[in-house]
Every structure is written in C-alpha cells, then in structure tokens.
Amino acid sequence: MVQSRTRNVSIIGVPFNGGQPHTGVEQGPDRLIEFGLKSQLEELGWQVDYESNHDRVAQLKPDQDPDVKNLKKPKYVSAVTRAVSSQIAERAKRGDFVLTLGGDHSIALATVSGVFSAYPDACLIWVDAHADINTPEATESGNIHGCPLSFLTGIAQGHPDFAWVQPCLDTQRLVYIGLRDVDNFEKQIIKEKNIKAFSMHHVDKYGIGKIVEMALDHVNPKRDRPIHMSFDVDALDPSVAPSTGTPVRGGLTFREGHYICEAVAETGLLVAADVVEVNPSLEDETAAFQTVQVGCSLARCCLGESLL
C-alpha cells in the first residue's frame, strides 16, 4: 500500500536543455513558477517548497562533452540527472508529493530513479507523443530525451556515463498514453517486451475515460501501487500546447490531457508527477503563455484540482 503522506509538495525545478537540441526549454520551470504555480497549489491546501536548481545545473556543466556511443552531451545529462535523482529521492522518502518541472524529458532519468528508490513497487504512467525508449545504438538523433526509458528498464546497458542508473522499472509496470510518433525500433521493443501502450488511435477508439481505466488496470490492477506520472506537454495537440520542442499534430485535447491528470489523482495513489518540455522560446509570447498556462493547470489537476 502507499505509505501515508504529508500535505507537502516539493516542487523540483530542473532548468535543463542538455537532452535535446533546442535552447529555451531550460526556461520552462521559471515560467511555470512565475505564472503562479506555487501559490495556486497553496490555494489547494498544500504546503509548498520550491527548489529552482539553477546553480546546481549550471555548475554541473562540463567544459568538454563529446558524443559517447552515439549519445550527445552524455556527461552533462548524467551529472544533472544523477544529482537531481538524489534530491527527488530524499523528498519522496520523507512523504512529500514530488512535482518536477522540466526541462527536457531526459530528466526522467532523475525523476523515475528518485521516485522508485522511495517507492520500489511503484508504476509509471508515461503521457507523451513519443515512446522515449530508444537505446544509444538505436537512436538516430543521439538526443538523450528520446532514451531515458531504455536505461530505466535495463534495455540499454553498457554506457559508461550512465552506469549509475539502476534498471528500477519493470516494463509491466509501465504504460504509455498518447503515443503518435514512435520509431521503428521502439515499436519493436514495445512488442517484444509486451509493454502496454495506448496510442491516439486507441484514444479515438475507446475514449479517454476507458483508456485511463485500462491503463490503471494493467499497471495497478489492485489499486495498491504508488503511481508516478510523467507528462510531456507534446502529448497534447500543438493547438493546445504549441510551445514545445517536438510537436506532433493529432494529440490529446485540452480536456483529455486534464482528464488523465484528474482521474489518476482521484485514485489517491499519485505520489509524483513530472511536467516537461515546456519551451517558452520556440513560439510567440501568446503561444508560450498558452503552453505555460496549460502546464500549470495540468500540475494543479495532479494535485487535486477538479471541475467540481
């Protein structure tokens, strides 16, 4: 069962762009906080701590960071995610809800490692247009934000910069929602490992309510496991969240995205959530504001906000 928790939420900012090629995503956490996320959560009855991690992320950037085994900026990504993983683990172990604000999705190396060290029986709901389970050998871009799940599940092995990452995630405790841009290698892995995955085709076929129910039935059939949800805003349609690095048409609507967060929060089992890939610099100020606004509202839903 999920241990009793406090009404404290630790917001962990990870102002980091090393897992992908676009600058600006490191501004995401600050913009979410500037929009008032901390006070919004306090209004929901939470005690809120916020750690920006600006200095930590800056200090960990190496002078040189050549490609290693096809991966770009491996030393920077490894150093930041390893440090933040310990921070998240400490907050989770004391019973706080951990809300991590990215930054690009390579930070899931930190969030999943940290949360699962506190809750080793947890399950992971990955809401994303992309599967992010490429191995170093399979990735065509070399961008590590497309690879974190391969390390966390133990599918990727032998990379010297990521030897610290423990394969903490059983693939049967992983479920995808919202996939619509999946590499051929990733499709093969999902089939071989029998990973439960709901694409946008399934959302259209069954409706989001049934999708969330089926996702929970797979990874948490007895409703007794802690849940960690990692939400990439590119899971949403670009008309909803335009200011993100890898937008793909045909995504989740505003209501579908929020329903996922509300329904998972209603289980009482959600112990941690990530909101990642908000990049305020990629579009005009109106689009950036819209994306930041959505990121905040998703976070609020994860922490109990509902329509009634």
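**Notebook: fold, packing and cores of a predicted model**

I counted eleven helices and eight strands in the protein chain, taking helices (H or I, at least four residues) and strands (E, at least two) as DSSP runs numbered from the N terminus. The model is predicted, and I required pLDDT of at least 70 for local features and 80 or more for side-chain atom pairs, while totals for chains, interfaces and linings use all residues. Residues are numbered from 1 along each chain as its sequence is written, and side-chain values use heavy atoms, without hydrogens and water.

I next checked the overall dimensions. The C-alpha trace spans about 50 × 40 × 40 Å along its principal axes.

I then looked up burial: 59% of the 308 residues are buried (under 20% relative accessible area, 1.4 Å probe, protein chains only).

For the interior, I examined nonpolar cores, sets of buried Ala, Val, Leu, Ile, Met, Phe, Trp, Tyr and Cys residues joined through side-chain atoms within 4.5 Å. The largest has 51 residues, of which Val9, Leu99, Ile125, Met229, Leu252 and Ile260 touch the most other members. Helix 11 (residues 285-302) supplies the largest share of this core, seven residues. Apart from this core lies another, of 46 residues, including Tyr76 and Phe162.

Finally, I listed contacts (heavy atoms within 4.5 Å) of Met229. Leaving out residues up to four places away in sequence, Met229 touches, among others, Ile125, Ile260, Asp274 and Cys302.

Note on methods: Buried means under 20% relative accessible area, exposed over 50%, partly exposed in between (1.4 Å probe, protein chains only).
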